[in-house]
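Subject: Structure handover

Hi,

Here is the structure you asked for. My notes on what turned up follow below it.

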Amino acid sequence: MQGEPPLDSVDIGAPARAAYEGLRKTIPATLRRAADALPILDRPRAARRLQRRMEAALGYTPNLRRPRTFNEHVAWKILNDRSPLIPLTTDKITARDYVASKGCADLLLPHYGVWDRAEDIPWDDLPEQFVLKASHGWQMNLVVRDKSSLDRAAVTRQAAAWLAEDHYQRTGEWGYHKLRPRLLAEMLITGERPSSVPEDFKFYVFRGRARLLSIHLDRGTEQYGYRFYAPDDLRPLPFMGGGWRGSVPYAPPPEARQLAAIAGRLGEDFDFVRVDLYFANGRAWFGELTHYPASACIRFPSLVQDRLMGDMWSGRI
């Protein structure tokens, strides 16, 4: 009504005034939350979060528009590359079909089943040794070396927690967006080293060419170490400060040169992908295709090495 005093000057009583003040403070926060939920803001929100994470991890402000370093290229890929092959090969189940389509079905580990619910795992039908993993994320796997000692109830709860996790919401990595959460069990492979862990070959493939190879030994043990090699002649490279922690000498098997060609075939549809292969008992097995190593936060010993790999990506070298 015209002539009424402003609300702030009206004596409405302490309880009512407190409610009014609370409402006035809540409205902006509510609007902000509503705006954050809009799909159109997904990319700028992801870019801000990724930039903050990279600054904290790397010590420099990344250029997300014109990438130069390797980490900046990975970040650009997270934010901009929408190739349907990325989620296809990120999913650990559909990636198997992609590997087979490249004529590499012999690299696939035998698998024992796929399940949408943890409660559906047929424990009695599984072998005594296997690997249980979730298909839609990373760091969600369990190595089972003795099924008879397995706490099935605890593993079922853990697997159900995996299925409830949304890796895209946690990291903003587009390749995991809307992946169907599933569980799978694969054959457990063992290596000839004292740790019995197979050698892990990670090929950095740029436009179908394997340019770098890092070999990881004894992962998950106190002897774990890695070293970089040139894939063509297997000469060790002074890169990333890697080295072996154990006293056991190691030389890459000659078959690693053949693995580089396989990695190039599996990576030929991408500007970059890391092709992870296992080598055990004289033969290779497919591990996974990794599009976003360390979520664009690899801590290189120097910016020079970060830019060197970035130049491999851009084709400068």
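The largest cavity has a volume of about 30 Å³. Please keep in mind throughout that this is a predicted model. The search of the whole structure gave 1 cavity of 30 Å³ or more.

**Cavity**

The lining of the largest cavity consists of A46, R49, L50, R53, I78, L79, T171 and G172. Helix 2 and helix 3 are the elements that give two or more residues to that lining. Helix 2 gives the most, with 4 residues. By type, the lining of the largest cavity splits into 4 nonpolar, 2 polar and 2 charged residues.

**Second largest pocket**

The second largest pocket comes out at about 220 Å³. Its lining is made up of D42, R45, A46, R48, R49, R52, Y168, Q169, G172 and H177. Two elements, helix 2 (42–58) and helix 7 (167–171), each supply at least two residues of this lining. Helix 2 has the largest share, 6 residues. Sorted by type, the pocket lining holds 5 charged, 3 polar and 2 nonpolar residues.

**Salt bridges**

Side chains of opposite charge can pair when their charged atoms come close. The whole structure has 20 salt bridges.

Start with K102 and D269. Their side chains form a salt bridge at 2.8 Å, N to O. The two residues are 167 apart and link distant parts of the chain. K102 sits in the loop between helix 5 (94–101) and strand 1 (111–115), and D269 in the loop between helix 8 (256–266) and strand 9 (272–280). Are the two partners buried or exposed? K102 has 17% relative accessibility, so it counts as buried. D269 is partly exposed, at 36%.

Next is K133 with E186. The closest N and O atoms of this salt bridge are 3.2 Å apart. K133 belongs to strand 2 (residues 130–134) and E186 to strand 4 (residues 183–186), so the pair ties together parts that are 53 residues apart in sequence. K133 is buried, with a relative accessible area of 15%. E186 is buried as well, at 8%.

Then comes D311 with R316. Here the closest N and O atoms of the salt bridge are 3.5 Å apart. D311 has a relative accessible area of 11%, so it is buried. R316 has 51%, so it counts as exposed; the cut-off for that class is over 50%.

Salt bridges also join up into a network. It links D200, K202, R219, R274 and D276.

**Aromatic pairs**

The whole structure has 15 aromatic pairs. How are the rings of F70 and F300 set against each other? Their centres are 6.3 Å apart and their planes lie at 80°, so the pair is edge-to-face. The cut-off behind that label is planes over 60 degrees apart. F70 is in helix 3 (residues 70–80), while F300 is in the loop between strand 10 (283–290) and helix 9 (303–314), so the pair ties together parts that are 230 residues apart in sequence. F70 and F300 are both buried.

F206 and F272 make a tilted aromatic pair, 5.1 Å centre to centre with 40° between the planes. F206 lies in strand 5 (residues 199–206) and F272 in strand 9, so this pair ties together parts that are 66 residues apart in sequence. F206 is buried at 5% relative accessibility. F272 is buried at 0%.

**Charges over rings**

Which charged residues lie over a tryptophan ring? R170 lies over the face of W138, at 5.6 Å from the ring centre. R283 has its charged end over the ring of W285, 3.6 Å from the centre.

Best wishes

Methods:
Residues numbered from 1 in each chain as written. Predicted model: local features only at pLDDT ≥ 70, side-chain atom pairs only at ≥ 80, totals over all residues. Heavy atoms only, no water. 1 Å grid on protein atoms, 1.4 Å probe; cavity = no way out; pocket = protein on both sides within 12 Å on 5 of 7 lines; lining within 4 Å. Points joined across faces, edges and corners; volume = space filled by probe spheres on them. Nonpolar A, V, L, I, M, F, W, Y, C, P; charged D, E, K, R; others polar. Salt bridge = Lys/Arg side-chain N within 4 Å of Asp/Glu carboxyl O. Buried < 20%, exposed > 50% of the residue type's maximum accessible area, 1.4 Å probe, protein only. Phe/Tyr/Trp six-rings, centres within 6.5 Å; stacked < 30°, edge-to-face > 60°. Lys NZ or Arg CZ within 6 Å of the ring centre and 35° of its normal.
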